[in-house]
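Dear colleague,

I am handing over the structure we spoke of, and my notes on it come after the display. Please read them alongside the coordinates.

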Amino acid sequence: MQFPVITGMRPMAKDLTPSTQWAENVAPDEVERFASYGQQFAALQARKSKKYGNGRALHRKQLTAAKGTLEVLGDLPDFARQGLFAKPGSFEILVRLSNGGMDKASDHKPDIRGFSLRVLGVTGDSALGNGPAVSQDFALINQEVFGFSSADDFVQFVVAASQGGGSLLKFLFRRYGVFGAPVRLVSMVKTVGKSFSGFATETVFSAAPIACGPYAVRVRLVPAASNGPASADAKQDWGADFSAKLLDKSLQWDLQLQPFVDAERTPIEDASVNWPSPYTTVARLTLPKQDSNSAQGKALSKQVESDIFDPWQALAAHRPLGDVMRARKAVYFVSQQARRAH
């Protein structure tokens, strides 16, 4: 007997149900290795601070700052209804927008763009285990995945790049070989050179995961359509473009969470892998109309520039996860000490 051939059907996707069966894989040498990363970044930061004045190792160029509110929504699924998102509520927030580089370069220069969010007035233990949390911070970028599979690759790349193009090329060939180096270089150029329309119109991502109670998630901010279209000349000055929009009207974003489902498709340790699970809106970020160039706006900008925006400045329920995030814990702390952040 012959059976009819059925065409046009796709195999069913694997289950994407949120799971609590995630785990971190902490290498035995991490404490020493991450301390070494901190020393390397401290040296880099010191060199750049001699040139530009006191500041961060990366995301040195602050573009603008703003304040607003984060409204946590109700009726959330169980994986999302944890920590900051356990119940509906409204929180005051601070925002820092930045270019990702170690220099204060022109906005024309290709770069990673940073959207850091500090949620104030949270209640609960700190992810650092040092008492109550003072805030819940999110460090977001305009890349859905991290450009490197490990913190070691990233640190060595940044250190080499800080010493100039020649040192960077030597590092790439030493690290990835004759055939791998050009591929890696092209990949990095594409990543840094990704088109960017402006902070009011681009989605930004955590790239690396955090805990969400017993679950694990990645985070993104999606701009509302009401923010309006991108400005044709935004890249002339990203900060001025954003400030002009905010002077004209309130801006909004949806804060969304994407859950871990299994170790193969949503790995915790490799932040270079994009997760296929769907995002769920859990909160709404609103920045009301404000004047960045007013006395109050300039004071806020100064305050934000000296503040700490650190994914480890968080609730224990939202502890950062994975190799990249654990390395950040050591590197950010050293950087904050060096610039006397508070």
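Predicted model: local features only at pLDDT ≥ 70, side-chain atom pairs only at ≥ 80, totals over all residues.

The secondary structure of the chain comes to 6 helices and 9 strands. With a radius of gyration of 21 Å, close to the 20 Å that the globule rule gives for 342 residues, the chain is as compact as a globular protein of that length. Taken along the principal axes, the box that the C-alpha atoms fill is roughly 80 × 50 × 45 Å. Of the 342 residues, 47% count as buried, and of the contacts with a separation of 6 or more, 73% are accounted for by residues 24 or more positions apart.

The helix pair I looked at is α1, residues 30–52, with α6, residues 323–338; their axes lie 8 Å apart and the two pack at an angle of about 45°. The crossing in which α1 passes α6 is right-handed. On the α1 side, the contact is made by E30, R33, F34, Y37, G38, F41, A42 and Q45, while α6 contributes D323, R326, A327, A330, V331, V334, S335 and A338. Sorted by class, this contact of α1 with α6 has 9 nonpolar, 3 polar and 4 charged residues.

Methods: Residues numbered from 1 in each chain as written. Heavy atoms only, no water. Axes fitted to C-alpha atoms, helices over the stretch in contact; angles between N-to-C directions. Helix = DSSP H or I, 4+ residues; strand = E, 2+ residues; numbered from the N terminus. Left-handed = near helix turned anticlockwise from the far one by under 90°. Contact = heavy atoms within 4.5 Å. Nonpolar A, V, L, I, M, F, W, Y, C, P; charged D, E, K, R; others polar. Rg over C-alpha atoms; globule rule 2.2 N^0.38 Å. Buried < 20%, exposed > 50% of the residue type's maximum accessible area, 1.4 Å probe, protein only.
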